[in-house]
Amino acid sequence: MKALKKVIHNLDPKFEKGGKWEKMYPLYETLSTFLFTPKHVTEKGAHIRDGVDLKRTMFMVVLALIPCLLFGIYNTGHWHYELLSHVDPEYSGYGSYLAGFGEKVAYGLIQVLPLVIVSYGAGLAVEFVFGFIKGHGLHEGFLVSGMLIPLTMPADVPLWMVAVATVFAVVIGKEVFGGTGMNILNVALTARAFLFFAYPTKMSGDKVWKSGTDEIAANFTANGDKLPDAYTGATALGDLQSFVGDSPTVAGKSLSGAASNSEMIESFGNAYDPIHAFIGMIPGSVGETSVLAALLGGAILLFTGVASWRIILSFFAGGFVFGLLMNAVGANAYMEIPAYYHLVIGGFAFGAVFMATDPVTASQTQYGKLWYGFLGGGLAILIRVLNPAYPEGVMLAILFMNVMAPLVDHYVVQLNISRRKKRFKTKTA
Amino acid sequence: MSINMSKAVRLRKGLDIKLVGEADKVKADLEMPSVVALKPADFHGLVPKLILKEGQKIKRGEVVFYDKYNKDIKWVSPVAGSLQEIVRGAKRKILEVRIKVDGLEDVVSIDPVDPSNASRDEVKKIMLDNGLWPFIKQRPLDIIADPAVTPKAIFVSAFDSAPLAPDYDFILHGQDQDFQHGLNALAKLTDGKVHLTLNSKVPADKAFQNAKNVNINKIAGKHPAGNVGTQIHHIDPVDKGEYVFTVNPQDVVTIGKFFAEGKFDPTRIVAYTGSEAENRKYFRTVIGANISSIVEKNLSSENVRVISGNALTGTKIEKDGYLGFYDAQITVLPEGDEYKFFLTKGWLGPGLDKYSSHRLFPTWLLGKKKYRLDTNLNGEERGFVVTGEMEKVLPFDILPMQLIKAIMTKDIDAMEQLGIYEIAPEDFALCEYVCTSKIDIQEKVREGLDVIKEECM
């Protein structure tokens, strides 16, 4: 270690101002400060400082995302082989969740790892460009965004789209505002929203949630056998949305137009066991399906104090309360779906734990965080149930609350100001 | 509740940073240092006008310089001797006025005055003329008190809660009379109360417990419970246009002694603390003393930082530097100017050697363990990212992040509304300590106060 330290820091002068490789300083700084906490000492103010820094904080978030990543890899593999099991006799047993474990992991890795690599590659490249322009090394914020972006995508999204979305999000979402700590919108959600609106066919519908659907469909058409629609499958949210329309569908099976609300809900319950949904054994974006994995990550973030319990708790509470509110209105089958379902399907838990808690874009006051979370969770359900265009409301709800967070804070600050003023008034009275 | 009643305050927020290196409860007399110095930088915003020239003889208690912008405020020599050197920095700014010590005998003296029987103007004049006024600071702004204003209250904190802080119960033990005299003098300066605030966790020395002519309050909690700023905020907060004066307990004794004896008593009992300090105890020396006789022989390692004051708010000085005017503590810490491999002692290490308020480190599992912290920044400066961390260590009804941002954007209205009149940099020292983004918060607070002084006072 000492030798490494020596080798690296003997290079210091060459990268400093006036040195031979001065221009490469941001790159050098990034690498050397990753390996060694620099020897900067306190110059002003407190002579001692807390051990914590942004690197350790952000590393913990990346660590907390690992359960979602691992589960997402397996889940991607599973739904690919599940689809195959319907049409290819060779894989007929693979519909069972744990059958063919190795092959599913391998397939998942092949699909998901490139997403991760492209997201990090594109994002870090942009970050470095801005680092070179501003003369500083990599700021840690993107390490988290880079992992979040692939986890919010369907596994089959083309890699170039991931790259474009990432570049867009980092440049327009963050760097134009001044970089880490200055952005208004969550970077990862900006990337997702960009793709969602620019390339909707790759981000929604009922052909994208089981990896390899297009390919399998093509192959089996060639054999003169069309892949039945029933197998391709929408997400649970897509099904729920169909309840509001003319042709209610559950897991690819059309329900008769005359099905009553309770019949629809019952068939939905049969297709999506809440326990399965909680564990994450349903199709969806790579990292969003498993509530269990998200909560595991959430536990890490809460245990280490990195994420705000106020936001996570109030986000879930908001979702549940607005779910109940929908139940109370009960105008259609979607509204009547038990409120707890909302919390275990789609990206609700993932959004609550990893997206809403982004401290830069969330409310910054302690009370503000409660309102921000509650309204975010509630809005997500409102968008899901009431807006026929968007099956998943979590992304839009959080982005909207990102924009509203300063307003929420404004009211909390005004409250503080008037309380402080009152203190003096009562005293002199 | 009326403000004239004693108050018992309980704080939920704050942070006690547990460091190795408390001073033993032993007092040792130190030989008279050969040089003492007055450092204008100890008094924020002071531009001194020197009365004496280099080489001139000076008595103990004789005026050395006065405040250019407030000629009534004067500084006196703590010792008899001669003006050895005026050390200047950039733009000829005076950094140190060094006085070569001959002894204490040659002294300026007046007839003793019982402050209880004197008028406010008399007390004020005596204090101004004899170099006692600089001991009094004011809120707002945390600068030397303006003699032209009458404060609504005066606050003395009977304890210091900062890391390794000196124990004022120990320092003041046996000085009951002088302390009382000092309080009587202070009481003349205000129409309101003199508040003496004790630590409710430990029984206070008799000098505090039996103090008369004061309002005794109690406060319980972690640092900054001992800061006057915290106590003012909870007992009698400062609104715009109001003034509160504050004085350190040992300085109250110095003021009291002057009224009792008619002579400036420069005695200062100083706690020698810190993990790199050896032979740690309380040394009896004088204001502005050269500290080389304490520090140079009593170090356990070479590469150290010597601080006049505590680890959070003190001033960095050399090993042969001078004790700060308000300081009753010297802290010696290991200098942290070394690279730390990320997996062992660096950012991703187990962190058993780091004291953190964040649960990202095992500090919170290690209970009463004491730490040998060095001066490494433990990271690099970043924009604000993490929220809620400062709120946990600031026991004020003040939103720290919003106030700091108001200061950064020089938004005077917001600064006023968010509480700038109540705070001093030292109150935000813990916010600076816990800041993940390594922003120099105390400096920001001072910048804000300077703007307020310029624009609003």
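Predicted model: local features only at pLDDT ≥ 70, side-chain atom pairs only at ≥ 80, totals over all residues.
How many residues of domain 1 of chain B are in contact with domain 3 of chain B?

Residues are numbered from 1 along each chain as its sequence is written, while chains are lettered from A and ligands numbered from 1 in the order in which they are written.

**View 1. Chain A on its own.** Chain A holds 21 helices and three strands; these are DSSP runs (helices H or I, at least four residues; strands E, at least two), numbered from the N terminus. Its radius of gyration is 24 Å, close to the 22 Å of the globule rule for 429 residues, so chain A is as compact as a globular protein of that length. The radius is taken over C-alpha atoms, and the rule is 2.2 Å times the number of residues to the power 0.38. Along the principal axes, the C-alpha atoms of chain A fill a box of roughly 75 × 70 × 35 Å. Of the 429 residues in chain A, 50% are buried (20 or more other C-beta atoms within 10 Å of the residue's own, with C-beta atoms placed from the backbone).

**View 2. The contact of chain A with chain B.** Chain A brings 52 residues and chain B 62 residues. Residues are in contact if their C-beta atoms, placed from the backbone, lie within 7 Å. On the chain A side, α1 (2-10), α3 (25-35), β1 (36-37), α4 (54-87) and α21 (394-428) each supply at least two residues. α21(A) gives the most, with eight residues. By class, this side of chain A has 20 nonpolar, 20 polar and twelve charged residues. Nonpolar means Ala, Val, Leu, Ile, Met, Phe, Trp, Tyr, Cys and Pro; charged means Asp, Glu, Lys and Arg; the others, Gly among them, are polar.

View 3. Two bridges join β1(A) to β21 (residues 340-341) of chain B. The two strands run antiparallel. Pairing requires at least two DSSP bridges between strands. A:F36 has B:F341 as its bridge partner in β21(B).

**View 4. Domains 1 and 3 of chain B.** Chain B is divided into domain 1 (1-32 + 107-336), domain 2 (33-103) and domain 3 (377-456), with bounds from an automatic or database domain assignment. The C-alpha centres of domains 1 and 3 of chain B lie 24 Å apart. In chain B, 23 residues of domain 1 are in contact with 19 residues of domain 3. Helix α5 (residues 228-235) of chain B gives the most to the domain 1 side, with four residues. That side divides into ten nonpolar, eight polar and five charged residues.

Conventions
Contact = placed C-beta atoms within 7 Å. Buried ≥ 20, exposed ≤ 12 C-beta atoms within 10 Å, placed from the backbone.
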